[in-house]
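Thanks for coming. I will go through one structure today and keep to what can be read from the coordinates.

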Amino acid sequence: MADTQSARSIAYTRAPFSTWLGIVCLFVLFGLIVLAVIGPSPRTSDYEETRAKKRMEKLKTLHEETQKELTTYAWVDKNKGVARIPIDRAMEVTVADLAQKNPAPAGPIATPAAQTAPAGASPAPAAPQQPGTAQPAQPSAPAGSPAGQGAASPPPATQQSPPPAPASPAPATTP
């Protein structure tokens with residue numbers, strides 16, 4: 001039993017003060033090395049500054065290209081005869097073209113024509129008859145009259161559609 005008590009006392013012995021002091025000194029030394037490496041480096045981010053400069057350059061070139069497209073003449077499709085003109089000139093041409101036209105009143109809205117039954121078709125079927133009720137009499141028309149052929153359908157609409165709108169002007173070409 002004496003052996004077990006001595007084994008326990010060995011397992012629970014405290015580390016000497018010099019071991020703790022050595023561990024603390026190693027942490028301090030590591031901290032000094034990190035400060036020596038990182039300390040003199042600048043604290044600003046060059047990466048964000050370079051990205052911002054590149055974005056500003058791209059924005060500037062895009063603005064210049066857009067201004068060039070809005071203010072110069074150029075061919076869009078030379079084979080089809082489509083050209084690009086400056087926007088100020090396009091507005092002048094459009095205003096002058098619209099000033100020459102007289103406004104036209106709006107016509108009535110065309111409704112779809114009602115469908116008529118073909119000549120050989122049978123009239124619409126009657127509603128089923130309830131037992132004990134009398135069915136109303138249908139007026140009969142001669143077979144040769146138009147009313148006898150299409151009695152179940154309304155007469156065709158006589159309304160005409162409004163005239164087509166005038167065509168828009170052709171795109172301006174370069175002089």
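Is Arg 51 buried, partly exposed or exposed? With a relative accessible area of 36%, Arg 51 is partly exposed, because that value falls between the 20% limit for buried and the 50% limit for exposed. Please keep in mind that this is a predicted model.

Arg 51 has a partner. Its side chain meets that of Glu 48 in a salt bridge, at 3.7 Å from N to O. Both residues sit in helix H3, which covers residues 46-71, and they are three residues apart, about one turn of the helix. Glu 48 is also partly exposed, at 41% relative accessibility.

The structure holds two salt bridges. The other pairs Glu 92 with Arg 89, at 3.5 Å from N to O. These two lie in helix H4, residues 87-100, again three residues apart. Glu 92 is partly exposed at 49%, and Arg 89 is partly exposed at 40%.

Now the chain as a whole. It has five helices and two strands, in the order α-α-α-β-β-α-α along the sequence. Of its 175 residues, 2% count as buried. The accessible surface is about 16,300 Å², and carbon and sulfur atoms make up 64% of that.

Last, the nonpolar surface. Leu 26, Leu 29, Phe 30, Ile 33, Val 34, Val 37 and Ile 38 form a nonpolar patch with about 680 Å² of accessible area together. Leu 26 belongs to helix H2, residues 17-38, and it is exposed, with a relative accessible area of 57%.

How values were computed: Residues numbered from 1 in each chain as written. Predicted model: local features only at pLDDT ≥ 70, side-chain atom pairs only at ≥ 80, totals over all residues. Heavy atoms only, no water. Patch = residues over 30% accessible without salt bridge, like charges linked within 9 Å, V, L, I, M, F, W, Y side chains within 5 Å. Areas by Shrake-Rupley, 256 points an atom, 1.4 Å probe, with all protein chains shown as cover. Salt bridge = Lys/Arg side-chain N within 4 Å of Asp/Glu carboxyl O. Helix = DSSP H or I, 4+ residues; strand = E, 2+ residues; numbered from the N terminus. Buried < 20%, exposed > 50% of the residue type's maximum accessible area, 1.4 Å probe, protein only.
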